[in-house]
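Please open the model in a viewer and keep the selection panel at hand.

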Amino acid sequence: MRPALLDPLFASLASLPGIGPKTGELFAKLLGQESIDDCRVIDLVFHLPHSLIDRRNQPGIAHAPQGTIVTVSGRVDRHQPPPRGKSNVPYRVFLHDDTGELALTFFRARGDWLEKSLPVDEQVIVSGKVDWFNGRASMVHPDFMVKATEAETMPLVEPVYGLTAGLSPRTLRKAIEAAVERVPSLPEWIDGPLVARQGFPAASEAFSALHHPRDTLDLDLQTPARRRLAYDEFLAGQISLALVRQTLRRVAGRPVTATGVLSEPVLAALPFALTGSQQTAIAEIKADMATDQRMLRLLQGDVGSGKTAVALMAMLAAVEAGGQAVLMAPTEILARQHHATLVKMAEPAGITLDVLTGRTKGRERDQNLERIESGETNIVIGTHALFQDNVVYRDLALAVVDEQHRFGVHQRLRLTAKGISPHMLVMTATPIPRTLVLAAFGDMDVSKLTEKPAGRKPIQTVIMPQERTGEIVERLRAAIAEGKKAYWICPLVEETEESDLMSVEERHATLAGVFGNAVGLVHGRMSGPQKDDAMQAFKNGETRLLVATTVVEVGVDVPDATIMVIEHAERFGLAQLHQLRGRVGRGAGASSCILLYKGPLSENGRARLGILRETEDGFRIAEEDLKLRGEGELLGTRQSGTPGFLVASIEAHGDLLEIARKEATYTLEKDPQLESERGQAIRTLLYLYRRDEAIRFLRAG
Ligand code: ADP
Ligand code: MG
């Protein structure tokens with residue numbers, strides 16, 4: 001049960017003053033939720049400011065720099081309403097101070113209202129951005145206008161929050177203010193000496209401090225308040241991981257003894273020899289699974305390094321030992337593709353592989369579930385659907401999670417809660433720093449695929465302005481005539497109001513105008529079977545040009561596709577571009593990748609794309625990416641935490657993560673059921689950071 005103390009924070013966001021049905025929708029959008037009913041007050045508390053407006057700068061009108069926000073204290077001289085019938089001419093109010101004159105400019109303003117707020121001869125204070133034109137200073141729609149006698153009602157420093165279109169900063173600030181006021185005084189869950197050593201404020205004070213910055217320094221990731229909350233978030237994560245581990249230790253694992261009867265014929269039939277690092281990884285995995293300790297291993301390997309074959313060998317070992325194995329993919333397309341590939345690869349083994357996704361429905365689903373429960377199915381490939389409550393395994397020995405490191409823990413919790421704890425192999429192409437692995441999984445072993453399969457040719461990467469699209473189309477015409485295959489990636493599914501990007505559907509239409517039936521289309525809004533058909537048609541060559549969104553980003557494997565065109569490459573992250581490019585260069589043919597950008601490119605943008613031209617090494621790309629983004633951090637433009645975290649940043653708060661890990665272990669050793677006073681406080685912490693799923697593992701919980 002969630003402590004009643006937290007109720008005000010877990011109340012619906014709609015309970016805050018000023019949030020109605022219309023604004024509610026905007027708030028939901030801001031918080032990435034479907035509807036306002038899914039938003040809690042706490043979500044706004046975690047919506048931290050990224051910068052601030054400083055209204056303390058009062059240089060005098062004549063000394064106000066162009067384009068900066070200043071506060072002016074002056075006397076109103078005269079009003080200049082627009083001439084009758086010319087509502088497009090602004091209403092101007094002139095005022096002066098000792099240094100000069102300022103024109104306040106209002107479009108479509110109500111004159112009577114302005115006369116009341118800015119009476120002639122009255123001393124007033126206004127704040128906003130100053131613009132200089134022909135030696136005259138003006139301020140368009142000041143953010144604040146108050147009479148000098150009411151000066152104290154104007155906030156001198158205001159936090160600035162990330163917004164969504166249509167939501168006014170003032171509405172958001174008010175709601176956040178109200179949300180932060182609801183943070184109660186919380187019991188201390190951090191060990192006293194540590195609080196003292198780190199100079200941490202209490203949690204409620206820390207929230208308040210982050211939302212009331214007094215100057216830019218207060219926005220730094222290293223303020224005691226920010227560090228306090230980052231530590232809390234790490235601690236909540238580490239405690240929940242430790243609770244899972246603690247439960248796992250109570251039940252012995254299922255030793256898997258590989259006999260080779262299945263894997264040997266499969267290996268012999270493969271059209272290639274395994275690379276040295278594939279062999280090493282397979283050996284490490286088998287050795288782990290042979291013991292009665294549960295395996296938790298991460299397999300890192302760049303795109304195209306051959307992780308799927310490693311997964312298959314591990315799964316065959318599980319089946320040889322009489323167990324079942326599952327492979328979970330992040331998308332439907334990938335699950336279906338894995339199923340098709342693995343059925344073919346595993347054919348010599350004579351075993352049964354099934355597929356189970358959200359789309360498996362009706363009779364097919366019932367039959368699959370039955371076969372899984374009876375053990376007739378040896379290997380199941382699917383999406384999250386694999387771990388839903390109605391799926392019962394006869395003897396699940398191994399779960400492989402592909403390309404989605406963030407899901408790992410969650411799935412594991414799910415499975416453990418169901419009373420099964422298979423060996424676990426998580427595969428990723430993203431090089432995850434050790435600290436991040438630690439934060440997401442706790443202690444975990446790592447295998448790496450360091451070599452690429454032999455015979456791969458480098459991918460030639462070129463960077464071109466969007467204006468040269470016509471040339472690309474000509475080149476494609478020649479390539480397709482030679483029987484080659486190409487992807488064409490667009491960032492968007494449909495035209496959105498605020499963008500002028502070409503949508504994937506439009507691009508498909510224009511290319512179909514050139515290439516006719518040879519052009520296919522796949523994007524996230526299509527139905528599952530439509531997506532399959534499109535992928536299938538591309539795979540077997542009915543279509544030769546596939547126009548797609550990033551649904552093909554991870555894992556899609558069509559080895560004879562050799563050309564990748566990416567539109568608006570400047571919009572994508574480097575890692576994502578690397579993943580997309582990894583869809584080509586998978587077979588024997590020479591491949592190329594064309595990055596089209598919409599100019600002008602910033603220096604940083606140019607440097608980013610340049611890295612891709614220089615190297616195909618995913619680890620280097622990730623490193624350089626971090627360096628370039630790091631600059632942003634120094635400039636204070638990137639204040640949010642690491643993805644998957646609300647407050648904490650792995651890079652900035654790595655030292656705290658180590659401490660949290662030790663504290664979590666120590667705490668649970670002393671108080672395994674979290675029953676002491678501090679233990680109870682830690683339960684509150686778990687709820688606050690939504691890690692309460694782990695509380696189920698406490699006998700008393
Ligand atoms: P990823 O690591 O990106 O998941 P895949 O497992 O999809 O890579 O493998 C990429 C391609 O390389 C596939 O077509 C696969 O059949 C092939 N492949 C895997 N291992 C080898 C190998 N040792 N030699 C040659 N080709 C291989
Ligand atoms: Mg893969």
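Begin by selecting L44 together with L13, L16, F27, L31, L172, A175, I176, A179 and H211, the residues that L44 touches when those up to four places away in sequence are not counted; contact here means heavy atoms within 4.5 Å. The model is predicted: local features need pLDDT of at least 70, side-chain atom pairs count only at pLDDT 80 or more, and totals for chains, interfaces and linings use all residues. Residues are numbered from 1 along each chain as its sequence is written, chains are lettered from A and ligands numbered from 1 in the order in which they are written, and side-chain values use heavy atoms, with hydrogens and water left out.

L44 and W189 have the most contacts inside the largest nonpolar core, which has 66 residues. Such a core is a set of buried Ala, Val, Leu, Ile, Met, Phe, Trp, Tyr and Cys residues joined through side-chain atoms within 4.5 Å; buried means under 20% relative accessible area, exposed over 50%, and partly exposed in between (1.4 Å probe, protein chains only). Next, select helix α8 (residues 224-250), which gives the most to this core, with 10 residues. Helices (H or I, at least four residues) and strands (E, at least two) are DSSP runs, numbered from the N terminus. Colour domain 1 (4-51 + 162-217) and domain 3 (224-249 + 654-700): both give residues to this core, so it lies between them. The domain bounds come from an automatic or database domain assignment.

Move to helix α17 (residues 504-515) and display V504, R507, H508, L511 and F515, which are buried. These residues cover an arc of only 100° around the axis, which puts them on the same side of α17; the arc is that of the directions from the helix axis to the C-beta atoms. Their cover includes α16 (469-481) and β17 (485-489). After α17 comes G516, with a positive phi near 60°.

Now display the charged pairs. The structure holds 28 salt bridges, each a side-chain nitrogen of Lys or Arg within 4 Å of a carboxyl oxygen of Asp or Glu. Select D191 and R678, whose closest N and O atoms are 3.9 Å apart. D191 lies in the loop between α5 (169-181) and α6 (192-198) and R678 in helix α23 (residues 677-688), so the pair ties together parts that are 487 residues apart in sequence.

Finish at D288 and R297, a salt bridge with its closest N and O atoms 2.8 Å apart. D288 is buried at 19% relative accessible area, and R297 is buried at 8%.
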